[in-house]
Amino acid sequence: MSIKEFLERQLSNMLMIQAGVGLAMGVLGSIYEPEARFGCKAFFAPLIYAFFCTLPGIVGYSAKELTMKQMLIRELINFLLVELTMLSLLYVQGALKSVDRALALAVAVLAVYLVTLLAGWLRDGRVAQDMNEQLKKIKE
């Protein structure tokens, strides 16, 4: 994968993560702090979280083709780094007020991560299908 393709994928992932974080903030905020009101600065939180969650994705970059095992190991490391990053940011902000809230936030991070992986997998499948169709046309 070229560095340009990698950066495009990271930007796409960041936007998906931003949407997922916004949704998770809304749902979990409604459950744990329904009376809370936020100013305009709160709109930047999903973007900031998405940016910091995208940074560990650098472990997934490789100029050469990876084996399935290497790819899975890198994906696991990436997930653990994302989880650690998010929980650290939330801890510093004082959002981890109880064990059940910390678990809920950890599950939310996992859910956003899995949705982002699924979206990337679907995107890659579509690209592969398009390439196969183009190769069939060239072959004919």
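I took helices (H or I, at least four residues) and strands (E, at least two) as DSSP runs, numbered from the N terminus. The model I am reading is predicted, so I kept in mind that local features need pLDDT of at least 70 and side-chain atom pairs count only at pLDDT 80 or more, while totals for chains, interfaces and linings use all residues. Residues are numbered from 1 along each chain as its sequence is written, and side-chain values use heavy atoms, with hydrogens and water left out.

I looked up Asn78 and found it in helix α3, residues 68-92. With a relative accessible area of 11%, Asn78 is buried (under 20% relative accessible area, where exposed is over 50% and partly exposed lies in between, with a 1.4 Å probe and protein chains only). Setting aside neighbours within four places in sequence, I noted that Asn78 is in contact (heavy atoms within 4.5 Å) with Pro56, Gly57, Val59 and Tyr113.

I then turned to Arg101, which sits in helix α4, residues 99-139, and counts as buried at 12% relative accessibility. Beyond its neighbours within four places in sequence, Arg101 contacts Tyr32, Glu33 and Ala95.

Finally I checked Ile17, which touches Ala50, Cys53, Thr54, Val112 and Thr116 when residues up to four places away in sequence are not counted.
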